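Subject: Structure for your review

Dear colleague,

Please find below the structure that I am handing over to you, together with its sequence.

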Amino acid sequence: MHDTDVILKINNLKTYFPVHSGIGQPKQFVKAVNDVSFELKKGETYGLVGESGCGKSTTGRSILRLIEPTDGEIIYQGKNINKISNKEMMPVRKGLQMVFQDPYSSLNPRKRVGTILEESLKIHNIGNKKERTEKVMEILNKVGFSSEHYYRFPHEFSGGQRQRVGLARALIMNPEVIICDEPVSALDVSIQSQVLNLLEDLQNEFDLTLLFISHDLSVVRHISNRIGVMYLGKLVEETTAEEIFQNPLHPYTKALLSAIPIADPSVKREKIKLKGEIPSPLNPPKGCVFQTRCPFALDICRQVEPTLTMKNENHKISCHLYD
Amino acid sequence: MNETLLEIVNLKVHFDTEDKRVTAVDDVSFTVNNGEIVGVVGESGCGKSVTSESILRLLDEKHTNYEGEIRFNGRNLLSLSPKKMREIRGNDIAMIFQDPMSSLNPVYTVGNQIQEALMLHQNLSKAEARMKAIEMLKLTGIPAPEKRIDEFPHQLSGGMRQRVMIAMALSCNPSLLIADEPTTALDVTTQSQILDLIKSLKDEFNMGTIIITHDLGIVAEICSKVVVMYLGQVIEEADVSSIFETPLHPYTQGLLKSIPHMEGNRNEKLYVIKGKVPTLNQVPPGCRFAPRCEFATEKCKVSAPILESYGERKIRCWNFKEIQESSIQVNRGETLNA
């Protein structure tokens, strides 16, 4: 593993949201992303999974600085893009694109699809009008549309088609990295498989690196090379897609895996039941973030916060049980 | 134990729009027994929610026309007066909706909302209803129910709200529970808690339950019988293990193949059912699935198949026997190779 393979490196990323709690009271923070580090290697798909409120979407958005991170480094093309100005950020954004979860609300209903797709070319001053239109037609073909779709409005498309427009919008800048925030969660299963297959084809064709954020573990397993599991703003486990399903180590990962319903009634599994619900990020528990729900919690877990450490070459875990 | 509780016979639901009549549910029949969990699956727009809402007659009846019968305990629900229907709703038949936030009233405490049904249907006094409400909240696994009962919906998390919905639905001991996507808005760990709860409550009260979902995993997990719908029609009905082991209808087969499996080969492409669900304005003349079916013959394109019995199962397809034989041959080939 050489450093040259790493295309995007996230170091100790923190995104805190201030909560206004009244005059004279101490300012509180929701620690949505709390000290998360990982890296994306060229051409891979990194899956980020976790339940709602664990900070996975905030992580994705913080990387693109759609939400300003509080602290930490985002190293892209050898440069920390966290602290640079918006003007300097412009050329960087060409290489880092995003696909959003809800294909209905992420396309402007009053603009034609062609205009929506051309907008980013215009902002970055690429080509003249004719060249831009040609480029858009070409991208539309790549995601399986014909040129006539250029003139249609978003409401004329179905959910799956809109998500393909979202993909086209991300692709048009020839990015190196695409951050996909729950791209198939809003779609029916038969449409979901179409979009996933298309995403894989495009990844091969354009040599893309993907950060795939999702709560659906079977989808993440299908598309990812490596997977990171988040809980309450922390990365608790990270390893390859095979390893995480065959040999999950963190109790939370185990519980998460055993909670997925499997479409096969003959499979009988032993379930790890989690009690209670995810604690408020305003008031994270002392020690390990998972200790309040962990069936195996030790005394040390309630006192000392574990750190993400290498278990072996490609397995990182943050848990006292494996110290 | 295995008495028939609900029998839907040739149900058709038409909606009158400005210019024409749209048939959202076309000739749907199935039964639900006591103590049985029936899963109704299908993609968006297949009519699964309309079917469940017509059982309780929740649709706007000014623009809705029903045909067929919905027999519940021997009575046809479709011919009951609005007053009689009100006595059944929430009392004998209860429903859990998909989105617990928008189905709870934000300006009343959860206790108020649970007590309302109890006071209305069971003639309990306010104090008795409150006791019962606390008991129901406890049953659904809400910690400190005495405190929670005076809270408002916004003070509760998504899983808690869904538990409140379940407590409300079960408070009058319904004999039939309809759950429309009860866990779609929830996380997997919460989902598994709620599914366990529904399962244990079904055992305890011997309720008949209909679960409407698009998630085949949930069906495999808790249902005993499965009804698969496509474009307003039932296309296959069978017990849960048959559906997953030997799906007969090409649509059911396609649905099962298009979900990524936990044990599947990750390098393999996912199966895609070609085309998309047509709108109800453009229902194909023959078999409704024919334009997307890889086995479709000329007959399928012109003449619509009926739902016929095949052993214990039901299937709406002209060629299912041929399709099954061809897939068995592939299996034999595989065994030979091994």
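The axes of helix H5 (residues 159-171) of chain A and helix H6 (residues 189-206) of chain A come within 10 Å and cross at roughly 15°. Angles under 35 degrees count as roughly parallel, and H5(A) and H6(A) are therefore roughly parallel to each other. The crossing in which H5(A) passes H6(A) is right-handed. On the side of H5(A), the contact is made by Gly159(A), Gly160(A), Gln163(A), Arg164(A), Leu167(A) and Leu171(A). H6(A) contributes Ile191(A), Gln194(A), Val195(A), Leu198(A), Leu199(A), Leu202(A) and Phe206(A). By class, the residues of this contact between H5(A) and H6(A) are eight nonpolar, four polar and one charged. Please bear in mind throughout that this is a predicted model.

Chain A as a whole

Chain A contains 10 helices and 12 strands. For 323 residues, a compact globule would have a radius of gyration near 20 Å, and the 21 Å of chain A agrees with this. Taken along the principal axes, the C-alpha atoms of chain A fill a box of roughly 65 × 60 × 45 Å. Of the 323 residues in chain A, 43% are buried. If one takes the contacts in chain A between residues at least 6 apart in sequence, 65% of them join residues at least 24 apart.

Where does His155(A) lie? His155(A) is found in the loop between helix H4 (129-142) and H5 of chain A. Is His155(A) buried or exposed? A residue counts as exposed if 12 or fewer other C-beta atoms lie within 10 Å of its own; His155(A) has 9 within that distance, and is therefore exposed. His155(A) and Arg110(A) are separated by 45 residues in sequence, and their C-alpha atoms are 9.3 Å apart in space.

Chain B as a whole

Chain B has 13 helices and 12 strands. Its radius of gyration is 22 Å, close to the 20 Å that the globule rule gives for 338 residues, so chain B is as compact as a globular protein of that length. The C-alpha trace of chain B spans about 70 × 50 × 40 Å along its principal axes. Among the 338 residues of chain B, 44% count as buried. Of the contacts in chain B with a separation of 6 or more, 65% are between residues 24 or more positions apart.

Helices of chain B

Helix H1 (residues 48-55) of chain B has seven of its eight residues buried, so H1(B) is largely enclosed by the rest of the structure. The buried residues in H1(B) are Lys48(B), Ser49(B), Val50(B), Thr51(B), Ser52(B), Ser54(B) and Ile55(B). Just after H1(B), Arg57(B) takes a positive phi of about 50°.

Two packed helices are described by the angle between their axes and the distance between the axes. Helix H4 (residues 110-121) of chain B packs with helix H7 (residues 158-170) of chain B at an angle of about 20°, and their axes are 8 Å apart. This angle makes H4(B) roughly parallel to H7(B). The crossing of H4(B) and H7(B) is right-handed. In this pair, Val110(B), Gln113(B), Ile114(B) and Ala117(B) of H4(B) meet Val164(B), Ala167(B) and Met168(B) of H7(B). The residues of this contact are six nonpolar, one polar and no charged.

H4(B) also packs with helix H5 (residues 126-139) of chain B, at an angle of about 120° and with their axes 9 Å apart. The crossing of H4(B) and H5(B) is right-handed. From H4(B), the contact involves Gly111(B), Ile114(B), Gln115(B), Leu118(B) and Met119(B). From H5(B), the contact involves Lys126(B), Ala129(B), Arg130(B), Lys132(B), Ala133(B) and Met136(B). The contact of H4(B) with H5(B) has six nonpolar, two polar and three charged residues.

Where the chains meet

How many residues of chain B are in contact with chain A? There are 35 residues of chain B in contact with 30 residues of chain A. At least two residues of the side of chain B that touches chain A come from each of helix H8 (188-205), helix H9 (216-222), helix H10 (240-245) and helix H11 (250-258) of chain B. That side of chain B divides into 15 nonpolar, 13 polar and seven charged residues.

Yours sincerely,

A colleague

Definitions and conventions:
Residues numbered from 1 in each chain as written. Chains lettered and ligands numbered in written order. Predicted model: local features only at pLDDT ≥ 70, side-chain atom pairs only at ≥ 80, totals over all residues. Axes fitted to C-alpha atoms, helices over the stretch in contact; angles between N-to-C directions. Helix = DSSP H or I, 4+ residues; strand = E, 2+ residues; numbered from the N terminus. Parallel < 35°, antiparallel > 145°, perpendicular 65-115°, else oblique. Left-handed = near helix turned anticlockwise from the far one by under 90°. Contact = placed C-beta atoms within 7 Å. Nonpolar A, V, L, I, M, F, W, Y, C, P; charged D, E, K, R; others polar. Rg over C-alpha atoms; globule rule 2.2 N^0.38 Å. Buried ≥ 20, exposed ≤ 12 C-beta atoms within 10 Å, placed from the backbone.
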